[in-house]
Amino acid sequence: MKIIPCPSSPLLARRIAEVSGLDVGSAVFRRFPDGELYVRVQEKEGVVVGSINSNDDLISLIFALDVLDKAKAVVPYMGYARQDKVFQEGEAVSIKILAEILESKAEEVITVNIHSREAASHFKNLKNLDAMPLIGKHFAEKDVVMISPDKGSLERVKTAAKRAACEWDYMEKRRIDATTVEITPKSIDVEGKDVVIVDDIISTGGTVAEAAKILYSLGAKSVSAACVHAVLADNAAIKLFNAGIKDIIATDTVECAFSRMSVAELIAGSI
Ligand code: R5P
């Protein structure tokens, strides 16, 4: 089996190949003048590596998988996972559709920190790897406090903090009266502390920017952001720096300037 890198994950695919000792296969990805995509893979078997951070990423991945007789799909960032159920009548459950397509073309699907259990439940047999210990490792030996921006990411921050051997907490919403809601860390005093907001995804940056504002108002010395998937849509990085975020640290599931940790070993160990 060879590693087939999709255009969304060229560096990570190379790293996985290096760590796993597999060769990189031959594949061509091109765009026709009208915008349509062309994919050619000159292999019969392969591990296709491609995050889904755009519609083009999705098409490239599906086309590449389809060419192979025997394929594994490594989707480091599984986009479309936030629509994991019907919130309003008539909505397409995007991750369910993706799961059906990917599992019809690949004998195994591997991802990293898919958005929710609900999203994972649409796959029959998904390997969902956890990169939170990697985030923890990055902060080991550093005197920081890790905070999840909401209760939903509590387990994630707990895992990262355990590896970093640091304190952790989550932001809790408390209703003060009919019109006022207070959002603060549940129990930790952040005054004078270097805080790291830990989340699975930073998309528009709204969640982290809001949390940073609150943490600074409570006297935090500095606030940084760490995530697995740095989607950073809509100039999110600028929004975060404008909100006083000191640094953004992410893995390479979405390859970008903030990818400072690699999930290559994690993935190589599972293929
Ligand atoms: C929410 O459930 C996720 O864990 C993230 O907090 C969310 O996706 C971040 O989105 P944004 O950066 O757009 O606020």
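Me: What order do the five strands of the open sheet take?
Reply: In this predicted model, the order is E1-E4-E5-E6-E7, with parallel pairing.

Me: Which strands stand at the edges?
Reply: Strands E1 (2-5) and E7 (126-129) do. Each has a single partner strand, so one side of each is left without a neighbour in the sheet.

Me: And by how much are neighbouring strands turned against each other?
Reply: By 20° on average, ignoring direction.

Me: How many bridges pair E1 and E4?
Reply: Four, in the parallel sense, with E4 covering residues 45-49. Within E4, Val-49 is the bridge partner of Pro-5.

Me: Which strands does helix H1 touch where it packs on the sheet?
Reply: H1, residues 10-20, touches E1 and E4. The direction of H1 makes about 170° with that of E1.

Me: Which residues of H1 are buried?
Reply: Leu-12, Ala-13, Ile-16 and Ala-17 are buried in H1. These residues cover an arc of only 140° around the axis, so they lie on the same side of H1.

Me: What covers them?
Reply: The cover over the buried residues of H1 includes E1, E4 and helix H9 (264-268).

Me: What about phi just after H1?
Reply: Gly-21 has a positive phi there, about 75°.

Me: Switching to the ligand. Which residues come nearest?
Reply: There are 13 residues around the ligand, and Asp-199, Asp-200, Ser-203, Thr-204 and Thr-207 come nearest.

Me: How far is the side chain of Thr-207 from a ligand oxygen?
Reply: An N or O atom of the Thr-207 side chain is 2.5 Å from an oxygen atom of the ligand.

Me: And Gly-205, what distance there?
Reply: For Gly-205 a backbone N or O atom lies 2.8 Å from a ligand oxygen atom. Arg-82 has a side-chain N or O atom 3.4 Å from an oxygen atom of the ligand.

Me: Another spot: which strand holds Tyr-38?
Reply: Tyr-38 is in strand E3, residues 37-41.

Me: Why does Tyr-38 count as partly exposed?
Reply: Because its relative accessibility is 26%, and the partly exposed class runs between the 20% limit for buried and the 50% limit for exposed.

Me: What does Tyr-38 touch?
Reply: Leaving out residues up to four places away in sequence, Tyr-38 touches Val-28, Phe-29, Arg-30 and Phe-32.

Me: How far apart are Tyr-38 and Ala-119 in space?
Reply: Tyr-38 and Ala-119 are 29 Å apart, C-alpha to C-alpha, and 81 residues apart in sequence.

Key: Residues numbered from 1 in each chain as written. Predicted model: local features only at pLDDT ≥ 70, side-chain atom pairs only at ≥ 80, totals over all residues. Heavy atoms only, no water. Pairing = 2+ DSSP bridges. Helix = DSSP H or I, 4+ residues; strand = E, 2+ residues; numbered from the N terminus. Axes fitted to C-alpha atoms, helices over the stretch in contact; angles between N-to-C directions. Contact = heavy atoms within 4.5 Å. Buried < 20%, exposed > 50% of the residue type's maximum accessible area, 1.4 Å probe, protein only. Arc of directions from axis to C-beta. Near = heavy atom within 4 Å. Polar contact = N/O pair within 3.5 Å; in protein donor to acceptor, adjacent residues only side chain to side chain.
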